[in-house]
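My entries follow in the order I made them.

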Amino acid sequence: MKVSKEQVAAHRARILAAAARLFRLRGFEDVTVAEVMKEAGLTHGAFYGHFPSKEALIAGAIEWVLAPAPDGAGTRMPAAAYADGYLSARHRDDPASGCTFSSLGAEAARGSTDLRRVMTESTRRQIDRFSAEAEGDAAHEKRRAAIAAWSGMVGAMVLARIVDDDKLSKEILAETRASLPFA
């Protein structure tokens with residue numbers, strides 16, 4: 001039975017969504033192709049019709065989750081509101097659907113060239129986004145503030161997830177939010 005182009009695209013999207021969720025939850029090494037396909041509701045054998053390797057799946061899943069919204073799709077959340085949600089206990093407690101950088105950053109640093117390219121492009125977009133709303137008189141001041149804000153947010157989330165003291169974890173999130181260059 002032949003599968004339509006639409007079905008192929010839908011299957012690929014299910015695979016990418018399942019992989020992105022599982023990778024953020026457990027890391028690249030602790031997730032198998034078979035688990036991704038099961039999570040996507042597809043057979044293991046169907047995997048190679050979509051991806052040549054697990055490395056290609058990793059890069060594809062991260063690219064899928066970090067892809068910018070199509071032009072005109074949705075309203076971009078102001079940086080302050082984004083930071084409020086990002087630096088929350090809810091985000092901290094849900095790495096499977098949260099930020100790829102704070103969940104997989106250390107692993108991605110050792111990842112493939114394709115994976116690192118995808119994450120680099122996303123980092124540039126985030127810095128540009130924050131630069132537009134950051135405090136400062138000159139473009140370079142706004143960019144510096146945006147880089148510091150994004151770095152601080154990701155680092156704070158990593159630390160908040162690492163510590164075993166909920167009070168300290170919440171303090172890390174709150175104090176980082178208070179230090180950001182957008183109200």
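Predicted model: local features only at pLDDT ≥ 70, side-chain atom pairs only at ≥ 80, totals over all residues.

Residues are numbered from 1 along each chain as its sequence is written, and side-chain values use heavy atoms, with hydrogens and water left out.

Entry: alanine 160. I found alanine 160 in helix α8. Helices here are DSSP runs of H or I with at least four residues, strands are runs of E with at least two, and both are numbered from the N terminus. Neighbours within four places in sequence aside, alanine 160 is in contact with Arg92, Ser169, Ile172 and Leu173. Is alanine 160 buried or exposed? Alanine 160 is buried, because its relative accessible area is 2%; buried means under 20%, exposed over 50%, and partly exposed in between, with a 1.4 Å probe and protein chains only. I also looked up the spacing to isoleucine 172, which lies twelve residues away along the chain: the two C-alpha atoms are separated by 6.2 Å.

Entry: arginine 92. With neighbours within four places in sequence left aside, arginine 92 touches Met157, Ala160, Arg161, Asp166, Ser169, Lys170 and Leu173.

Entry: α7 and α8. Helix α7 (residues 113-133) packs on helix α8 (residues 139-162) at about 120 degrees, with axes 8 Å apart. The axes are lines fitted to C-alpha atoms, for helices over the stretch in contact, and angles run from 0 to 180 degrees between N-to-C directions. The pair is therefore oblique; under 35 degrees counts as roughly parallel, over 145 as roughly antiparallel, 65 to 115 as roughly perpendicular, and the rest as oblique. On the α7 side I listed Thr123, Gln126, Ile127, Asp128, Phe130, Ser131 and Ala132, which meet Lys142, Arg143, Ala146, Ile147, Ala149, Trp150 and Met153 of α8. That contact holds eight nonpolar, three polar and three charged residues. Ala, Val, Leu, Ile, Met, Phe, Trp, Tyr, Cys and Pro count as nonpolar, Asp, Glu, Lys and Arg as charged, and the others, Gly among them, as polar.

Entry: α3 and α6. Which way do α3 and α6 run relative to each other? Helix α3 (residues 54-66) and helix α6 (residues 100-108) pack at about 155 degrees with axes 12 Å apart, and are therefore roughly antiparallel. Ile62, Val65 and Leu66 of α3 make the contact with Thr100, Phe101 and Leu104 of α6. Five of these residues are nonpolar, one is polar and none is charged.

Entry: tyrosine 48. Tyrosine 48 sits in the loop between α2 (33-40) and α3. At 54% relative accessibility, I logged tyrosine 48 as exposed. Its C-alpha atom is 10.0 Å from that of valine 33, 15 residues apart along the chain.

Entry: whole chain. I counted nine helices and zero strands. Of the 183 residues, 38% count as buried. The C-alpha trace spans about 60 × 40 × 30 Å along its principal axes. Among contacts with a separation of 6 or more, 66% join residues 24 or more positions apart.

Note on methods: Contact = heavy atoms within 4.5 Å.
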